[in-house]
Amino acid sequence: MMNKKRRKKVLFVCSSVFQLYVAITIKIIFFQDRCVDLVLTDSTPVFRQLYLNKKLISLFNNVKFVEVGKNIGKLNRLQRSKYGQCFYEIFPKKYVKKVWEIDVKDYQELFFSSYIKQNVLIQYAIKKSCKKNKVNVFEDGISTYLLKNMQKSYVPPFIKKLFKIKEVEKCVDNVYMFEPNLMCVGGYKNIIKIPNPTTNKEVITVLSEIFEDNGYKIKEKFIFLEESFNNDGYTTNDVELIHNLYDYCERKNFILKHHPRNRLDRFKTVLPTMEKNIFWENYLLKNSLDDKVLVAVSSNTVFVPHIILNEQKPTIILLYKIFKGTSPILGSENFEKYVEKYYKLYSDYTKDKMFIPQTIQEYEEIIRKLAMEEND
């Protein structure tokens with residue numbers, strides 16, 4: 001679907017629904033008059049249909065669905081070779097065509113969210129195509145505030161100098177995020193604040209048309225937000241923590257929201273789960289969560305309601321201190337720093353509605369207390 005006539009355009013790359021939500025917001029607010037292309041990847045299954053959405057197609061110049069999961073094998077084979085990393089960084093444009101099926105010469109500006117190796121490949125290629133080209137990071141939830149590039153370069157210094165290869169961080173021109181005050185990593189040239197989506201009527205209208213409302217309403221008080229630990233291959237005790245909530249609250253008041261990247265439903269025959277898929281961020285635009293309790297280990301989903309929609313004030317229970325396991329987020333030295341910043345920045349809200357249990361017993365006591373408030 002890429003335009004045959006080559007023009008210098010802007011490219012957004014999205015691998016999650018939240019990334020797409022943010023990309024749409026940025027496109028409308030900052031790039032209304034620019035020619036912008038959108039690439040959706042197979043990391044999120046719903047994108048296989050969503051890329052054909054008529055409103056999405058009318059908003060962006062071109063919308064393309066790329067099976068990066070299938071094509072990444074080409075990149076992996078390259079990197080496993082003796083000199084693979086050198087070729088990867090010296091000739092990135094060639095491998096972008098193999099992995100992403102796009103020609104970087106069409107673009108003068110790139111927006112990406114995460115530092116996975118596929119995205120880093122595009123970064124190198126866009127910047128190497130022309131030094132005046134811009135590479136921007138846009139918010140991917142909590143990871144943007146905590147993490148920078150985790151890809152290591154094995155290219156010898158003399159080759160870097162000869163072929164003018166830059167570190168990934170030095171390729172980034174701007175970072176677009178909703179709340180710069182929560183940033184926990186430094187070194188970026190410029191941070192641009194994304195306005196609250198509710199302040200722009202066009203943003204709300206477009207999001208509502210793209211992420212259609214299926215009429216589903218969450219009636220339950222306690223919502224456990226599953227994370228992608230299982231999908232990403234981590235061994236954890238999240239199942240135990242989910243069952244703890246189910247066992248100690250009024251069971252009719254419990255619902256489990258699956259993580260959209262998890263391909264295995266571990267709870268379908270045991271626990272009540274959301275039967276209908278909802279686009280969480282768009283659900284928040286139309287429904288208040290003030291009477292809900294959001295429970296998660298470390299999910300960005302519990303922070304989103306208040307960060308991007310300041311009037312939303314759900315009760316939050318964070319379980320990272322009683323969680324057994326790890327993830328890139330929890331493995332970051334900045335995670336607790338972020339939580340502390342969040343707590344202080346929104347202290348009027350968090351002092352009464354944010355809980356971080358230190359033990360399983362404390363977790364169970366918090367559940368009982370909140371359940372009793374419902375009965376009162």
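Modeller: One detail to begin with: K148 lies over the face of Y188, 4.3 Å from the ring centre. Keep in mind that this is a predicted model.

Biologist: Noted. How many helices and strands are in the protein chain?
Modeller: The protein chain has 17 helices and twelve strands.

Biologist: And what percentage of the residues is buried?
Modeller: Of the 376 residues in the protein chain, 56% are buried. Among contacts with a separation of 6 or more, 74% are between residues 24 or more positions apart.

Biologist: Which residues touch the most other members of the largest nonpolar core?
Modeller: That core has 132 residues, and F12, L20, I24, W100, F303 and Y363 are the ones touching the most other members. Helix α1, residues 17-30, gives the largest share of this core, with nine residues. In soluble globular proteins, nonpolar side chains tend to be buried together.

Biologist: Is α1 mostly covered or mostly open?
Modeller: Mostly covered, as twelve of the 14 residues in α1 are buried. The buried ones are V17, F18, Q19, L20, Y21, V22, A23, I24, T25, I26, K27 and I28.

Biologist: What span should α1 have, and what is found?
Modeller: At 1.5 Å a residue, its 14 residues should span 20 Å, and the end C-alpha atoms of α1 are 20 Å apart, so the two agree.

Biologist: Back to W100. What does W100 touch away from its sequence neighbours?
Modeller: Not counting residues up to four places away in sequence, W100 touches V13, V39, T41, K64, V66, V68, Y95, Q118, N119, L121 and I122.

Biologist: And E101, where is that?
Modeller: E101 is in the loop between α6 (92-99) and β4 (107-112). Its phi is near 60°, a positive value in a residue other than glycine. E101 counts as partly exposed, at 40% relative accessibility.

Biologist: Changing topic to rings. How many aromatic pairs does the structure hold?
Modeller: The structure holds 18 aromatic pairs. One of them is F12 with F31, an edge-to-face pair at 6.5 Å centre to centre with 85° between the planes.

Biologist: Why does that pair tie together separate parts?
Modeller: F12 lies in strand β1 (residues 9-14) and F31 in the loop between α1 and β2 (36-41), so the pair joins parts that are 19 residues apart in sequence. Both F12 and F31 are buried.

Biologist: Which residues form the aromatic cluster with F12 and F31?
Modeller: The cluster is made up of F12, F30, F31, F60, F111, F138 and Y176.

Biologist: What about L40? Which strand is L40 in?
Modeller: L40 lies in strand β2. L40 is buried, with a relative accessible area of 0%. Its C-alpha atom is separated by 6.2 Å from that of V13, 27 residues away along the chain. Leaving out residues up to four places away in sequence, L40 touches C14, L20, F47, Y51, L56, V63, K64, F65 and V66.

Biologist: Now the loops. Is E179 buried or exposed?
Modeller: E179 counts as buried because its relative accessibility is 11%, and the cut-off for buried is under 20%. E179 sits in the loop between β6 (174-177) and β7 (191-193). Apart from neighbours within four places in sequence, E179 is in contact with E139, Y145, K193, I307, L345 and Y346.

Biologist: And where is M274?
Modeller: M274 is in the loop between β9 (254-257) and α13 (280-286). M274 is also buried, with a relative accessible area of 10%. M274 and K217 are 57 residues apart in sequence, and their C-alpha atoms are 9.9 Å apart in space. Setting aside neighbours within four places in sequence, M274 contacts Y216, I218, I223, I255, L256 and K257.

Biologist: Last one: α15. Which residues of α15 are buried?
Modeller: In α15, residues 335-345, the buried residues are F335, Y338, V339 and Y342. Seen down the axis of α15, these buried residues fall within an arc of 100°, so they line one face of the helix.

Biologist: What do they pack against?
Modeller: The buried residues of α15 pack against α8 (142-146), α14 (304-308), β11 (315-318), α16 (347-353) and β12 (354-355).

Key:
Residues are numbered from 1 along each chain as its sequence is written. This is a predicted model: local features need pLDDT of at least 70, side-chain atom pairs count only at pLDDT 80 or more; totals for chains, interfaces and linings use all residues. Side-chain values use heavy atoms; hydrogens and water are left out. A nonpolar core is a set of buried Ala, Val, Leu, Ile, Met, Phe, Trp, Tyr and Cys residues joined through side-chain atoms within 4.5 Å. Buried means under 20% relative accessible area, exposed over 50%, partly exposed in between (1.4 Å probe, protein chains only). Helices (H or I, at least four residues) and strands (E, at least two) are DSSP runs, numbered from the N terminus. Contact means heavy atoms within 4.5 Å. Rings of Phe, Tyr and Trp (its six-membered ring) pair if their centres lie within 6.5 Å; planes under 30 degrees apart count as stacked, over 60 as edge-to-face and the rest as tilted. A charge sits over a ring if NZ of Lys or CZ of Arg is within 6 Å of the ring centre and within 35 degrees of the ring normal. The expected span of a helix is 1.5 Å times one less than its number of residues. The arc is that of the directions from the helix axis to the C-beta atoms.
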